[in-house]
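Student: Please pick one part of this model and look at it closely. Then show me what lies beyond it.

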Amino acid sequence: MDLTFEQLEEQIGGNEDMVRLVRVLKGKFNFLCSSLEEKDQKIRTLEAKIDDFQQKFADDVHLINNEIVDLKERVLNSEMYNSKDTLIIQNPPLSDRNGDITGQVIEFLNHTLGSKLSKQDIKACHYLGKPGESAIIIKFIYFAHKNFLWRSKKALKGVQNPNNGKPIFLTERLPKVCRELQVEARNLGIKTVTNNCEVQVLCPKKEGNGVLFRPIHTMKELELVKENALKFNPPSSNYGIRGTKRPEREKSSGSGYTPENKQKAMQQQYDENMVNTE
């Protein structure tokens with residue numbers, strides 16, 4: 001049976017020594033209880049502070065992550081903006097690799113793609129990497145020059161460098177994030193194209209007829225389109241995919257469509273853009 005100190009004193013009331021001992025034990029017990037209560041209060045206060053700190057830490061981490069995402073987006077937009085007027089010529093046919101690189105590149109582009117470039121239209125032109133390597137980067141004064149050449153790049157199909165017999169082609173200068181996205185997509189077996197320094201994944205349209213070019217900017221976006229993109233097995237009639245041909249169109253009774261007409265229209269638009277920038 002549990003007894004209180006008061007009940008215990010009553011039972012041993014005739015023994016003063018025992019009563020004094022019980023009272024001493026009672027005092028120590030009350031002191032210990034008070035100390036434990038005080039320590040318990042301190043522990044609860046500390047736990048509350050820890051909870052506040054954890055919440056503040058989580059809020060700070062969330063804020064920092066948002067700032068990092070925003071900073072990455074700003075860096076990407078800046079890189080894309082700075083690269084939009086830039087092209088890379090892979091395996092350029094230079095007769096003198098140590099001579100006037102800019103002049104030789106301009107001559108090749110004007111002759112092959114029908115542009116009307118001069119040195120005044122070029123901001124920078126140099127080897128990409130060490131001198132003599134098989135790629136040249138060219139930065140234009142006006143975006144219209146780059147855009148015309150990029151839209152005309154199919155004219156390079158089948159064109160080879162007479163010095164080594166390898167194909168000549170144009171690529172865009174992609175920001176680091178976009179290059180990593182493109183490499184990852186290709187490693188997954190996903191077909192990609194680029195346009196204005198933006199990576200686009202080729203997916204089938206919902207109705208099952210045609211191609212949908214879906215822009216991606218992050219690995220998460222690539223993961224979201226991966227399943228649909230991997231279903232894509234383009235037939236030979238799909239246009240715009242390497243190794244495929246555009247179907248022949250029937251000529252109308254009017255002006256009709258021909259590759260020559262398209263090239264003329266592009267040339268006319270190019271000339272108008274150049275007049276507007278002067």
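**Leu170 and the cores**

Tutor: Start with Leu170, leaving aside its neighbours within four places in sequence: it is in contact (heavy atoms within 4.5 Å) with Leu87, Ile88, Ile89, Leu113, Leu149, Trp150, Lys153 and Leu156. This is a predicted model: local features need pLDDT of at least 70, side-chain atom pairs count only at pLDDT 80 or more, and totals for chains, interfaces and linings use all residues. Numbering runs from 1 along each chain as its sequence is written, and side-chain values use heavy atoms, without hydrogens and water.

Now step back. Leu170 is among the residues with the most contacts inside the largest nonpolar core, along with Val105, Leu109, Ile138 and Leu149. That core has 22 residues. A nonpolar core is a set of buried (under 20% relative accessible area, 1.4 Å probe, protein chains only) Ala, Val, Leu, Ile, Met, Phe, Trp, Tyr and Cys residues joined through side-chain atoms within 4.5 Å.

Which elements give two or more residues to this core? They are strand 1 (86–90), strand 2 (122–127), strand 3 (135–140), helix 3 (101–113) and helix 4 (143–151). Helices (H or I, at least four residues) and strands (E, at least two) are DSSP runs, numbered from the N terminus. Helix 3 gives the largest share, six residues.

A second, separate core has 15 residues, including Met80, Leu174, Leu222 and Ala229.

Elsewhere, three strands form an open, antiparallel sheet in the order 5-6-7. Strand 5 (192–195) and strand 7 (211–216) are its edges, each pairing on one side only. Pairing needs at least two DSSP bridges; strands 5 and 6 (residues 198–204) have four. Val193 faces Gln200 in strand 6.

How values were computed: Buried means under 20% relative accessible area, exposed over 50%, partly exposed in between (1.4 Å probe, protein chains only).
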